[in-house]
Amino acid sequence: MATYNPVINKAEKTFERSLTYDLYTDPKVYQQEINDVFAKSWQLVGHVSQVEKAGQFFTCEVAGEPILVTRGKDDVVRAFYNVCPHRATKLEKAEAGTKKIFACGYHGWTFHLDGQLNKAPNFSGEDAHCVSDRCLRSVRMEIGEGLIFVNLDDNAVPLAEAYGDFFDRLAKFPFLGELKRINQKTRVIKANWKAFIDNYLECDHCHVAHPSFIATLDMKNYQIVTCQNYSVQASVVKPDRKMGTTDLNEAEFQGGEFYWLWPNLMVTIYPGPANMATIQMVPIDHETTLGVYTYYFRDENLSQEEQDLVTFAEQVRAEDVELVELEQIGFRSRAFNQGVYSSSEKAIVQFHEMVLEALGR
């Protein structure tokens, strides 16, 4: 983890400058980030509720690589490159499902749930021994508080070690183990992925852009704390506040905690009924990002209180998207080539230092 410089140079009364704006607009930077950031970090790909039973699977993509996650007959969850070892064909085409065996649609090779080769029809008789060890290639996979992460870097540090005490912090919410992945929404954002992270890591804009947010949470006691490869923002609800029909003073959770994990994952727990949401910013190109919003509740049949919470969260996110898309226009302008940090933006400083370190700058 990088050593962070003070945001304000008190001796000279000057402010430290932010990342230069070319890091938000240069396609070469985007290509380097795919290799040096996304292919070398833990990436959230799913939740254990998606693979509760043997044979259940889902597919996804990480840093351009097709990934297959499944639970084996031995009850072990594994991740593989979703690629047949015969001729590199994408193995499983469905987004999710249940299978007893995986079959390649090119030459009919089949694989067990643990990745071992079952049959290679075009290698029979004496040829069979030539491919007996051609199993699916594993991807590093770990689970924390029900969240499934993969890392394409075989030499990466373990998940728990990478994020310090983050999972210990989550463990204080006893209801997390009861939650299931209920639904997922995506949105194409016309901005660099880092712009949304920057926005998430400070709340100076909240009083201007998020009236419902500041009306609900006590902003006088709003805290931002930087930790090992992550940061957390937290506060409690104001007295006698409601979210839709929900009386927040009697809610299951009466605070708000908002986590960011390097490089592009945000985990939010809002006041109200037992809940969690994850936000991922997945770069499409240097100026376009896919926002992936996933909701976790106890049951897919949402109560009115849970529906009110989703409405609240989506309103805040829509407000943020508008802001970062306007910001991306400014990144391309010749007016300025970088910004400055306020003393309250220490979480952004942390993020930017990590970006520069990853890119070797």
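**Pockets and cysteines**

Biologist: What's the lining of the largest pocket like, by class?
Modeller: 20 nonpolar, eleven polar and five charged residues. Charged is Asp, Glu, Lys and Arg; nonpolar is Ala, Val, Leu, Ile, Met, Phe, Trp, Tyr, Cys and Pro; the others, Gly among them, are polar. A pocket is an open set of points on a 1 Å grid where a 1.4 Å probe fits, with protein on both sides within 12 Å along at least five of seven lines, and lining residues have an atom within 4 Å of a point.

Biologist: What kind of model is this?
Modeller: It's a predicted model, with local features needing pLDDT of at least 70 and side-chain atom pairs 80 or more, while totals for chains, interfaces and linings use all residues. Numbering runs from 1 along each chain as its sequence is written, and side-chain values use heavy atoms, without hydrogens or water.

Biologist: OK, which residues lie nearest the centre of the largest pocket?
Modeller: C60, E61, V62, V282 and V292, out of 36 lining residues. The space in this largest pocket comes to about 870 Å³.

Biologist: And how much space lies in the second largest pocket?
Modeller: About 410 Å³. The second largest pocket has 18 lining residues, and K40, S41, N229, W262 and M354 lie nearest its centre.

Biologist: How does the lining of the second largest pocket split by class?
Modeller: There are ten nonpolar residues in the lining of the second largest pocket, plus four polar and four charged.

Biologist: Switching to cysteines: how many disulfides does the structure hold?
Modeller: One. C203 and C206 form it, with their sulfur atoms 1.9 Å apart; the cut-off for a disulfide is cysteine sulfur atoms within 2.5 Å.

Biologist: What's the handedness of the C203 and C206 link?
Modeller: Left-handed, with -100° about the S-S bond.

Biologist: Are C203 and C206 buried or exposed?
Modeller: Both C203 and C206 are buried, meaning under 20% relative accessible area.

Biologist: What about C104, which is in no disulfide?
Modeller: For C104, the nearest cysteine sulfur belongs to C84 and is 3.9 Å away. C104 is buried too, at 5% relative accessible area.

Key: Buried < 20%, exposed > 50% of the residue type's maximum accessible area, 1.4 Å probe, protein only. Points joined across faces, edges and corners; volume = space filled by probe spheres on them.
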